[in-house]
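Subject: Structure handover

Hello,

Here is the structure I promised to pass on. Please open it alongside this note.

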Amino acid sequence: MPEFSWPDRSQVPASDAMDRSWPATVSALPLGSHVGGRVIGRQPFGVFLVLDGVPNAVGLAEITAIPHPMELPAVGATVTGEVIRHADRNRQVKIRLDEGNVSG
């Protein structure tokens, strides 16, 4: 049975920092851009990521944006993907993971 966990608070930027950085995050990660990151949380609906080179940003790769038959990457895995949406409401960068490009 797969293990699920929410990101540890120490790995997630403070919400006020994410709010202040959101315009810079959106600018640094336009739709269609390629990004890498590390899985910090795993839920049945997808994985949460800290994104390489973008401070105060959290990514989310939802299960619907993970190629089939790829399984959800484990916490600590390094992944790559494409930015498909910016969720202004909760300051998340939505990511479509690259097929077969998971390590760790």
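Below is what turned up in it, starting with the overall fold.

Please keep in mind that this is a predicted model.

Overall fold

The chain holds one helix and five strands. Along the sequence they run α-β-β-β-β-β. The radius of gyration is 13 Å, close to the 13 Å that the globule rule gives for 104 residues, so the chain is as compact as a globular protein of that length. Its C-alpha trace spans about 40 × 30 × 20 Å along the principal axes. Of the 104 residues, 45% count as buried. Contacts reach across the sequence: among those between residues at least 6 apart, 65% join residues at least 24 apart.

Helix 1

Helix 1 covers residues 15-28, 14 residues in total. From its first C-alpha to its last it reaches 19 Å, close to the 20 Å expected at 1.5 Å a residue. It has a kink of about 55° at S21.

Cores

The largest nonpolar core has 19 residues. Within it, L29, L49, L51, V93, I95 and L97 have the most contacts. Strand 1 (34-43), strand 2 (46-51), strand 4 and strand 5 (92-103) each supply at least two residues of this core. There is also a second, separate core of six residues, and M18, I40, V58 and L60 are among them.

Leaving aside residues up to four places away in sequence, V93 touches W22, T25, L29, L51, V58, G59, L60, V83, R85 and H86.

Salt bridges

How many salt bridges does a search of the whole structure find? The count is four. Three of them are described here.

- D16 and R20: their side chains meet at 3.3 Å, N to O. Both residues lie in helix 1, four residues apart, about one turn of the helix. D16 counts as partly exposed because its relative accessibility is 43%, between the 20% and 50% cut-offs. R20 counts as exposed because its 60% is over 50%.
- D19 and R91: the closest N and O atoms are 3.2 Å apart. This pair links distant parts of the chain, with D19 in helix 1 and R91 in the loop between strand 4 and strand 5, 72 residues apart. D19 is partly exposed at 42% relative accessibility. R91 is partly exposed at 23%.
- E82 and R96: the closest N and O atoms are 3.5 Å apart. E82 sits in strand 4 and R96 in strand 5, 14 residues apart, and the pair links distant parts of the chain. E82 is partly exposed, with a relative accessible area of 30%. R96 is partly exposed too, with 39%.

A loop residue

Last, T64. Where is T64 found? It is in the loop between strand 3 (58-62) and strand 4 (78-87). Is T64 buried or exposed? T64 is exposed, because its relative accessible area of 73% is over the 50% cut-off. T64 and G36 are 28 residues apart in sequence. In space they are 18 Å apart, C-alpha to C-alpha.

Best wishes

How values were computed: Residues are numbered from 1 along each chain as its sequence is written. This is a predicted model: local features need pLDDT of at least 70, side-chain atom pairs count only at pLDDT 80 or more; totals for chains, interfaces and linings use all residues. Side-chain values use heavy atoms; hydrogens and water are left out. Buried means under 20% relative accessible area, exposed over 50%, partly exposed in between (1.4 Å probe, protein chains only). The expected span of a helix is 1.5 Å times one less than its number of residues. The bend at a residue is the angle between axes fitted to the seven residues ending there and the seven starting there. A nonpolar core is a set of buried Ala, Val, Leu, Ile, Met, Phe, Trp, Tyr and Cys residues joined through side-chain atoms within 4.5 Å. Contact means heavy atoms within 4.5 Å. The radius of gyration is taken over C-alpha atoms; the globule rule is 2.2 Å times the number of residues to the power 0.38.
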